[in-house]
Amino acid sequence: MNIISTYSVKIKDHNQIFRETVRIYRSAVSFFIDVGLKEWDAFKDVASNQNAYVRQMEVMTIPTAGRETVKHDFTERFPGMPNYLRRAAIAEAIGRVSSHETLTTRIFPFPSLSCRLRQLFRF
């Protein structure tokens, strides 16, 4: 019989090394939230799974060899950001925008609440 054990270690006195990464990640999420709010109609036709939403957001924000110009250029503000971190930021932003749109269009269709919810969903 194999015995497997796990433990966690708290990083002391070195957690400041992650602050800049967290700041950049949060800025990226904010960028994608802004794009999602402006372009939400483009997401309505996308199949409702996470990968399809991420792909649609990448089409609108990431230039490639076949797509040199995009409406909202992410790489201009965040050059060299790793794909896994960018896709995590997109997924988080899509979740927040989707929740916001659901609340404002289906549950709370009142303009004054919409402004307040916009503030709550930002960093």
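**Confidence**

In which helix is confidence lowest, and in which is confidence highest? The model is predicted, and its mean pLDDT is lowest in helix 6 (residues 111-120), at 62. Helix 1 has the highest confidence, with a mean of 92. Over the protein, the mean pLDDT is 81, and 83% of the residues reach 70 or more. Where pLDDT is low, the predicted coordinates should not be read in detail.

**Helix 1 against helix 3**

Helix 1 (residues 19-38) packs with helix 3 (residues 50-61) at an angle of about 95°, and the two axes lie 11 Å apart. Because angles of 65 to 115 degrees count as roughly perpendicular, helix 1 is roughly perpendicular to helix 3.

On the helix 1 side, the contact is made by Phe31, Phe32, Val35 and Gly36. Helix 3 contributes Met57, Met60 and Thr61. Of the residues in this contact, five are nonpolar, two are polar and none is charged.

**The largest nonpolar core**

The largest nonpolar core holds 26 residues. Phe32, Phe43, Met57 and Phe74 touch the most other members. Helix 1, helix 2 (40-43), helix 3 and helix 5 (83-107) are the elements that each give two or more residues to this core. Helix 1 supplies the largest share, eight residues. In soluble globular proteins, nonpolar side chains tend to be buried together.

**Surroundings of Met57**

Met57 is part of the contact between helix 1 and helix 3 and a member of the core. Neighbours within four places in sequence aside, Met57 is in contact with Phe32, Val35, Gly36, Phe43, Ile90 and Ile94.

How values were computed:
Residues numbered from 1 in each chain as written. Predicted model: local features only at pLDDT ≥ 70, side-chain atom pairs only at ≥ 80, totals over all residues. Heavy atoms only, no water. Axes fitted to C-alpha atoms, helices over the stretch in contact; angles between N-to-C directions. Helix = DSSP H or I, 4+ residues; strand = E, 2+ residues; numbered from the N terminus. Parallel < 35°, antiparallel > 145°, perpendicular 65-115°, else oblique. Contact = heavy atoms within 4.5 Å. Nonpolar A, V, L, I, M, F, W, Y, C, P; charged D, E, K, R; others polar. pLDDT = per-residue confidence, 0-100. Core = buried A, V, L, I, M, F, W, Y, C linked by side-chain atoms within 4.5 Å. Buried < 20%, exposed > 50% of the residue type's maximum accessible area, 1.4 Å probe, protein only.
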